[in-house]
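Trainee: I'd like to learn how to read a model like this one. Can you walk me through it?

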Amino acid sequence: MTVTTPAPPALLHTVGDRALSWLDAHRDHFRLTETDLARGDALVERLKPIGELAINMRMLFREGVAGSRQRARAGSLLDFAWRELLDGGGVLAMHQHNEPFSPVSLEIYAVFHELGYRHPGLEAALETPRRTATWQALEMAPTRRLGVLNAERRMGLTPSGDFAEALAATWLGRRSEPWTVHLHIAYDITHTVFHLTNWGEDPEGIPTPLAEYLELYLPAWAADWAELEHWDLLGELLIVDACLPRPGLDGQLWERYAAAQTESGAVPVHGRMPQGDPSDVFDIVHHPTLVAAFASAMATSRSLSAGGV
C-alpha cells in the first residue's frame, strides 16, 4: 500500500480562505431575477447554487476552523442568502405552493432550519404533501432519495422511507465494480457519502464495509481525475476523503488542487479558468469554488483533529 504524506493545515486553510473571498466578492451573482421567479424550471436551477452556498457556510460554522474574518463572512453570506436571496424563506414557500411534490424547498430549507432560521408557513406547506402516498412513491435516483431522507432527518421529521433500503439501491451501496466509475457515477458516489455523513458531520455514518471500500479505491479515482484536471470532481472526492473515518488528506493531490485555484480564489471546473462575461463565468465556476470552500473546511478540521502541523 502506498503511504502518502498528509497536506499541511496551512495549505488546506488557504484554499478555503481564498474561495470564500471570491464567493463573498461575487455574492450578487447569486441573486434571482424576475424571470427566474416567474419560471419554475429556471427557479429550480437558480435555487441550487443558493442551497449549496448555505451548506458551505454552515460547514464553516460547524467545523470551527474559520478565523474571525472567515466566520464573519460566512455569517454575512448566510444572512444575505436567507433575507435577500430567499426573501426570508418566502421564495421557498412560493415554490412549495407551486410545486408541492418537489423536494427542492425541503432540501434547501433543512440547511437554514438547522441554523435557526424559520418560516412557519413553509413548514406547514411541507407537511401536506408529506402525508400522501405520492410523496413516498416519487420516482427519483437512489442518491437523491438519500438526500430527501437526510433533509427530513435534519429537520426532525419522520422519514418518508427507509435509509438503509435507499442506500442499498445506490452504486456505492452495492460496492459496484470500481473500474466502472465515470463522471456521473463519481458524482453519485460523492453525494451518497455526503448524505450518509450529513455533509461530513458524522464519519461513522458510513457503514464499515463501504468505508473500507472507499479507502481502497478512492485514492486511485482521485489521482485519475487530478490527472485529467477535473478540479470540480477532484474537490468533491477530496471531501469524501475527509468524510472517511481515516482520511488520507494526500499532500500531493492537495498541492495540485491548490495550484489550480486562481489568485482571486475561483476554481475552474476543468483545466483553466474560462473567459467572458463575469456573470457567465460565475455560472460556470461558482460550484467548483463552493466545493473548494467545503473541501478546505472538512480537510482542515480533520487535519487539526489528527494533530497536523
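This is a predicted model: local features need pLDDT of at least 70, side-chain atom pairs count only at pLDDT 80 or more; totals for chains, interfaces and linings use all residues.

Trainee: How do I read a helix, and what is the reach of α13 from its first C-alpha to its last?

Mentor: Helices here are DSSP runs (H or I, at least four residues), numbered from the N terminus. The expected span is 1.5 Å times one less than the number of residues. Helix α13 covers residues 231–243, 13 residues in total, and reaches 18 Å, close to the 18 Å expected.

Trainee: Why is α13 called largely enclosed by the rest of the structure?

Mentor: Check burial: buried means under 20% relative accessible area, exposed over 50%, and partly exposed in between, with a 1.4 Å probe and protein chains only. In α13, 13 of the 13 residues are buried, so the rest of the structure largely encloses it.

Trainee: On to rings. How many aromatic pairs are there?

Mentor: Rings of Phe, Tyr and Trp (its six-membered ring) pair if their centres lie within 6.5 Å; planes under 30 degrees apart are stacked, over 60 edge-to-face, and the rest tilted. By that rule the structure holds 15 aromatic pairs. Take F30 and F282: their ring centres are 4.9 Å apart and the planes sit at 85°, so this pair is edge-to-face. F30 is in the loop between α1 (9–25) and α2 (34–38) and F282 is in helix α15 (residues 278–305), so the pair ties together parts 252 residues apart in sequence. Both F30 and F282 are buried. There's also one aromatic cluster formed by W82, Y109, F112 and Y117.

Trainee: Which ring has the charged end of R27 over it?

Mentor: A charge sits over a ring if NZ of Lys or CZ of Arg is within 6 Å of the ring centre and within 35 degrees of the ring normal. The charged end of R27 sits over the ring of F80, 4.9 Å from its centre. Likewise, R153 has its charged end over the ring of F163, 4.5 Å from the centre.

Trainee: And the core? Which residues have the most contacts inside the largest one?

Mentor: In soluble globular proteins, nonpolar side chains tend to be buried together. A nonpolar core is a set of buried Ala, Val, Leu, Ile, Met, Phe, Trp, Tyr and Cys residues joined through side-chain atoms within 4.5 Å. The largest one here has 98 residues, and L47, L86, F112, W221, W254 and Y257 have the most contacts inside it. Its largest share, 12 residues, comes from α15.

Trainee: What does L86 touch?

Mentor: Contact means heavy atoms within 4.5 Å. Not counting residues up to four places away in sequence, L86 touches L47, I50, A81, V91, L92, I108 and F112.

Trainee: Last one: is D87 buried or exposed?

Mentor: D87 counts as exposed, at 55% relative accessibility. Its phi is near 55°, a positive value in a residue other than glycine. N198 also has a positive phi of about 55° without being a glycine, but N198 is buried, with a relative accessible area of 8%.

Key:
Residues are numbered from 1 along each chain as its sequence is written. Side-chain values use heavy atoms; hydrogens and water are left out. Helices (H or I, at least four residues) and strands (E, at least two) are DSSP runs, numbered from the N terminus.
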